[in-house]
Structures are given as structure tokens and as C-alpha cells.
Amino acid sequence: MTGYNLEAIEAAPLKDDVDIVIPTIRSLDFLEQWRPFLQHYHLIIVQDGDPSIKIRVPDGYDYELYNRNDINKILGPRASCISYKDGGCRCFGFMVSKKKYIYTIDDDCFVAKDPSGKEINVIAQHIKNLETPSTPHYFNTLYDPFRDGTDFVRGYPFSLREGVQTAISHGLWLNIPDYDAPTQLVKPRERNARYVDAVMTIPKGVLYPMCGMNLAFNRELIGPAMYFGLMGEGQPISRYDDMWAGWAAKVVCDHLGFGVKTGLPYLWHSKASNPFVNLKKEHKGLHWQEDMVPFFQNLRLSKESDTAAKCYMEISKMTKENLTKVDPYFENLADAMVTWLEAWEELNPPVKNEACDDKPVKKDNGKDVKAK
């Protein structure tokens, strides 16, 4: 069988096919450390919070910067579906991108090193994960069989060895773990120093807690289902934006026959958020997840839902029918899911249109240029 062609991928890291989406409330000085790996990619920066605050981006980066005023101008009334004062604002970047792949990272994450001391190229690893098949229908005990030095083990059906397209690559983190507030409070000094050199496919029918701080996905396959929900200011819940997107997108991947990988690459998570603040944001979600997870576990989509957008529309209807009894918030969330899809289709019509005068201004190495 054929393994990864690591040299080819690192020599041509698909820089024209990848957008880096970063949600932030501060200047992006952390990008200085990422320069060797990210400088050649296009950045979409979504500024959360006060739009009057000036965000500084290090010189030499090609980027677009959107604040809340831009979101309101571009989406109009549909801007209500984009979370405010919550990491879920990043999904606006998913919507305006036109690239095949999205990599999203938080602004408190830095380059990690593997056990040999080599700095980890997260983009190269995510691309390897996305460009090679997943195996969700039968678990391979040597994990990813498409990695150099491994293969399918004895007893693996030959009819399943072709695998399926990979839609999501979920990376991990060293140092500060991605814990909920109660776990943070009882383990305030715990750090993750365990580097596991493995990538695996999450089996079909199995959910997982998706973290948005080190995440890549195939926008063409799963983009409309990568909605991080309606959370943050004005909503009764926060910090469950990536959880919601992960549960929904995994159900969609299972239904459409796509795969989800988790494991490598690692990055270095440098800053733990305040557990007392997090508890205020999470406390309803800690209760609601006991209903949300079974909802997604038992959710079955119709055969008519043959695209990510159609699947997500069906999930929105089921959300309103089944979760509103948990709390009226879910009716608002279901409506926001529909609004999200409407906004997605408006900015991403099936037929590619010519550029128009009202497109947002892009920044090329920090200089304003007209959108192409």
C-alpha cells in the first residue's frame, strides 16, 4: 500500500488551498512564533468584542480582518447567527473563505515540539490527515494504516481497505489541557506532557468532544455543518460552541460517508482560562450536555439529505422538535442554524458569480486592496 509522501507534502503544502481562521480579542503577536509555518498562508482574522479596538497583525502576513461592524454589514439581519464574545465567532471566517481547507487556531496556542525536540508543523500534519482516507467502518489496531511504517492488520476486510474521504482533522495540545471548569478547579496544576505519536479514525456512530483550538476540515465536504452555534453574550451558554459543531458535524460525516481523524498534530496551549469565569459560562451546558449527547447519538438523517447543508437543515428541525423541551434556548439555536445556512448559501452560491463591488476589502501583507 502507499503511505504518506511526506517530502512532497512539505515541499508543496497546498498554500493556495488553505485558509487560517483565527478568532481574537487582542493583537496577534503570537504569530511571530508561527511565522515559519503560517506566513505563506492566507489568514482570516475574526475580531471579537469591541470593534473600535485596534488589532495589530505582525508584518509580512497576508490577511483579512473582520470585526463586528464588518459582520453586520456583510450579513445584515443574518449577522444574528454569529456569536458575540465567544470563540464561535470564528465560523464567520469559515463562511467567507473560498478555500478547500480550513485550519483554525486560538491566539493562546504556540508551536510545540515532538519528543526529539523538532518543532511540529501542524499544517503539514493536518494536510496529511485530510488528504489520506479515514477508516470509520472497522478499527485498525495499528491506528492510521495510511501512515508510513504501518498498514492494515491481519483480519481487516479487504473490501474496506480503500477507506473514505477525510472531512475533519482534530489535533491535540500539550501543556494546558482542554478541561471544563469543574475539572479545572480540582486539577488546577495539571499539565499534559504526554505526546502520543498516533492518528486514528473515530469510528462511525461514535461522538467525540471536538476542540476548536487546533482543528482542520475540508470546507467543500462539511463546511455548512461546521456552525459553532449561537453562544456568548446574550445567550445562556458559552464554551460549548465547538462541542455543538463537533457533534453535529460527526453525525453529518457518518451519514454522508466521510471520516474524522484525531491525534497528531500537537500544539502548545499556553494559557488556562479562569475556571470561575468558565463555570458561569458553562454551567447550563454541563447539565444540557446530558440531553444533547443522547440527542446526537440517536439522531438519524433521511436519505434525501445528501449534502452537508441538507443534513444540517434537517438537524435544525430535529433540534427544535427534541431539545426545546430541555430549554427554550434551543428554539433560538435551531432558528440560528437556519439563518446560518441562509447566510452560507448567500455567500457561497452553487454557481460561482463574478466579483461584485460590495465585497469586503482584503488586506495583502497589511495593505488594503480591492477584493478579487
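Visitor: Is D19 buried or exposed?
Guide: D19 is buried, its relative accessible area being 2%. Buried means under 20% relative accessible area, exposed over 50%, and partly exposed in between, using a 1.4 Å probe and protein chains only. Please note that this is a predicted model, in which local features need pLDDT of at least 70, side-chain atom pairs count only at pLDDT 80 or more, and totals for chains, interfaces and linings use all residues. Residues are numbered from 1 along each chain as its sequence is written, and side-chain values use heavy atoms, with hydrogens and water left out.

Visitor: Which side chain meets D19 in a salt bridge?
Guide: That of K99, at 3.1 Å from N to O. A salt bridge is a side-chain nitrogen of Lys or Arg within 4 Å of a carboxyl oxygen of Asp or Glu.

Visitor: Where do K99 and D19 lie?
Guide: D19 is in strand β1 (residues 18-24), while K99 is in the loop between α4 (91-96) and β4 (101-105), 80 residues apart. Helices (H or I, at least four residues) and strands (E, at least two) are DSSP runs, numbered from the N terminus.

Visitor: How many salt bridges are there?
Guide: The structure holds 17.

Visitor: What about D335, which partner does it have?
Guide: D335 pairs with K320, their closest N and O atoms being 2.5 Å apart. D335 belongs to helix α11 (residues 329-347) and K320 to helix α10 (residues 308-323), so the pair ties together parts 15 residues apart in sequence.

Visitor: Which residues are linked in a network?
Guide: Salt bridges link R78, E342 and E346 in a network.
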